[in-house]
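I am opening a notebook page on a structure that is new to me, and I will write down what I looked up in the order I looked.

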Amino acid sequence: MTLLTVLHYPDPRLHKVAKPVAKVDERVRKLVADMAETMYNAPGVGLAATQVDIHERIIVIDVSEDQNQLMVFINPELVWASTEKKSWREGCLSVPEFYDEVERPDQIQVKALDIHGKPFELKADGLLSVCLQHEMDHLLGKVFVEYLSFLKRNRISLKMKKRAKELVGQR
Ligand code: NI
């Protein structure tokens, strides 16, 4: 398995729209394994292929306490969302060290393919619902900071650019 490089906001590649996976084959399963390893290593609770500069509709999630319940969503689609909304403090591996409140539908239902290409449907609430919506946004080229005010987003963008420069300077 290989650790993949996670793109950091405001990298323009985070705004690319992912294409559906045409065939769930060994190539896709290898990518899923690498994405899972990258997510666990970070550590994080979710990762979208967009974040590792692969623009295909693939998501890995693990919201379990022991980080031992990997969930894979290939070509995920939103089937239903509750009108009731809830606010959660979100973070993102592409925006390290920043957390802020985002309001989203409380419950959702999604359909997707598993790693064998078999379709399944799932109803989610709580952290899983938040995480799925956050990761599905990534596949559409949207990062959670885009829900925040222009001022906040601008500040995050400046700090991230400064951080990137500092990291380069350390090499
Ligand atoms: Ni994210």
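Before reading any element by its label, I note that helices are DSSP runs of H or I with at least four residues, numbered from the N terminus. I also keep in mind that this is a predicted model.

Entry one, the metal. I looked up which atoms hold the nickel ion, and I found Cys92 through SG, with His134 and His138 each through NE2, at 2.1 to 2.2 Å. Along the sequence, these donor residues follow the spacing C-x41-H-x3-H.

Entry two, the helix. I then asked where histidine 134 and histidine 138 lie, and both turned out to be in helix α2, residues 126-139, four residues apart, which is about one turn of the helix. Both histidines are buried, and α2 as a whole is mostly covered, with 12 of its 14 residues buried, among them Cys131, Glu135 and Asp137. From first C-alpha to last, α2 reaches 21 Å, close to the 20 Å expected at 1.5 Å a residue. After α2 comes glycine 141, and I noted that its phi is positive, near 85 degrees.

Definitions and conventions:
Residues numbered from 1 in each chain as written. Predicted model: local features only at pLDDT ≥ 70, side-chain atom pairs only at ≥ 80, totals over all residues. Heavy atoms only, no water. Donors = N, O, S within 2.8 Å, 3.2 Å for Na, K, Ca; no water. Buried < 20%, exposed > 50% of the residue type's maximum accessible area, 1.4 Å probe, protein only. Expected span 1.5 Å × (residues − 1).
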